[in-house]
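Hi,

Here is the structure I promised to send over.

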Amino acid sequence: MKLTVVGCGDAFGSGGRLQTSYHVETAQTRFLIDCGATALIGLSRLGIDPNSIPTIFITHLHGDHYAGLVWWLIHAQHVAKRTVPLTVAGPEGIEARFKTAAEALFPGSTGVQRRYDLTFLEYARETPLNVGPVRVTPFEVKHFSGAPPYALRFETDGKVLSFTGDTEWVETLVPAGRGADLYIMECYQFEGEPRFHTSWRTIERNLDRIGAKRVMLTHMADGMLARRGEVADPRIVLAEDGLVLDV
Ligand SMILES: [Zn+2]
Ligand SMILES: [Zn+2]
């Protein structure tokens with residue numbers, strides 16, 4: 001499994017990083033995890049064709065994680081001339097939220113006749129969902145976004161890849177990432193217990209309990225970016241836009 005960081009920034013442009021999006025290539029398929037507003041920019045920089053991606057998994061309904069679907073829609077129509085089906089899996093209500101955002105930004109964009117099938121799937125808490133060869137299990141976390149937010153645990157290619165999405169520390173983060181080959185964890189600040197987000201010190205205290213083989217820190221705000229050099233644990237990888245990892 002090959003993971004490419006399309007964007008690992010937060011909602012505020014910290015560090016000049018693009019908004020959240022990860023590209024995963026397995027032996028059998030490709031998929032995107034989250035699709036922040038800048039996802040197309042990141043994919044273009046990396047030379048990844050959106051038409052080669054059949055599935056997008058969304059963790060939660062904040063713009064820096066799903067708004068890129070709006071630009072995806074108009075790009076598929078006017079530039080990529082997409083014909084291959086697209087499946088978008090996300091929290092309850094994702095289709096309505098997507099349509100509202102798309103109509104606000106590009107009026108009429110959702111009513112245009114499409115040349116491809118667009119299917120929305122909704123998660124059910126801790127119930128595995130199979131999309132082609134990818135099994136995803138959503139674990140509810142704590143991060144207000146007008147719909148349940150989830151950490152996602154992907155199983156495919158005999159590997160486990162997990163992602164916290166955005167969240168305060170909650171105990172569901174332990175089973176979500178238990179023993180994962182790679183656990184992508186949001187790490188908004190270095191220490192303390194921020195509302196809505198997690199700090200490095202909190203992650204550090206829980207690493208042994210989670211037991212992930214590697215942990216990638218992402219979604220870092222400026223304060224965390226300034227201190228990321230102090231993170232010394234050998235299991236840790238610091239996310240960078242464009243970073244490629246073999247999982
Ligand atoms: Zn975010
Ligand atoms: Zn968020």
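Let me start with a helix pair. Leu69, Val70 and Leu73 in helix H3 meet Phe98, Ala101, Ala102 and Leu105 in helix H4. Sorted by type, the residues of this contact come out as seven nonpolar, no polar and no charged. Before you read too much into any of this, bear in mind that the model is a predicted one.

How do the two helices sit against each other? H3 covers residues 68–78 and H4 covers residues 94–105, and their axes come within 9 Å and cross at roughly 65°. That angle makes H3 roughly perpendicular to H4. As for the hand, the crossing of H3 and H4 is right-handed.

Is Glu140 buried or exposed, or something in between? With 17 other C-beta atoms within 10 Å, Glu140 is partly exposed, because that count falls between the 12 or fewer of an exposed residue and the 20 or more of a buried one. If you ignore neighbours within four places in sequence, Glu140 is in contact with Arg125, Pro148, Tyr150 and Thr172. Arg125 is 15 residues away from Glu140 along the chain, and their C-alpha atoms are separated by 6.3 Å.

Now the overall picture. The protein has seven helices and 14 strands. Its radius of gyration is 17 Å, close to the 18 Å that the globule rule gives for 247 residues, so the protein is as compact as a globular protein of that length. Along the principal axes, the C-alpha atoms fill a box of roughly 50 × 35 × 35 Å. Buried residues make up 45% of the 247. Of the contacts with a separation of 6 or more, 60% are between residues 24 or more positions apart.

Cheers

Conventions
Residues numbered from 1 in each chain as written. Chains lettered and ligands numbered in written order. Predicted model: local features only at pLDDT ≥ 70, side-chain atom pairs only at ≥ 80, totals over all residues. Helix = DSSP H or I, 4+ residues; strand = E, 2+ residues; numbered from the N terminus. Rg over C-alpha atoms; globule rule 2.2 N^0.38 Å. Contact = placed C-beta atoms within 7 Å. Axes fitted to C-alpha atoms, helices over the stretch in contact; angles between N-to-C directions. Parallel < 35°, antiparallel > 145°, perpendicular 65-115°, else oblique. Left-handed = near helix turned anticlockwise from the far one by under 90°. Nonpolar A, V, L, I, M, F, W, Y, C, P; charged D, E, K, R; others polar.
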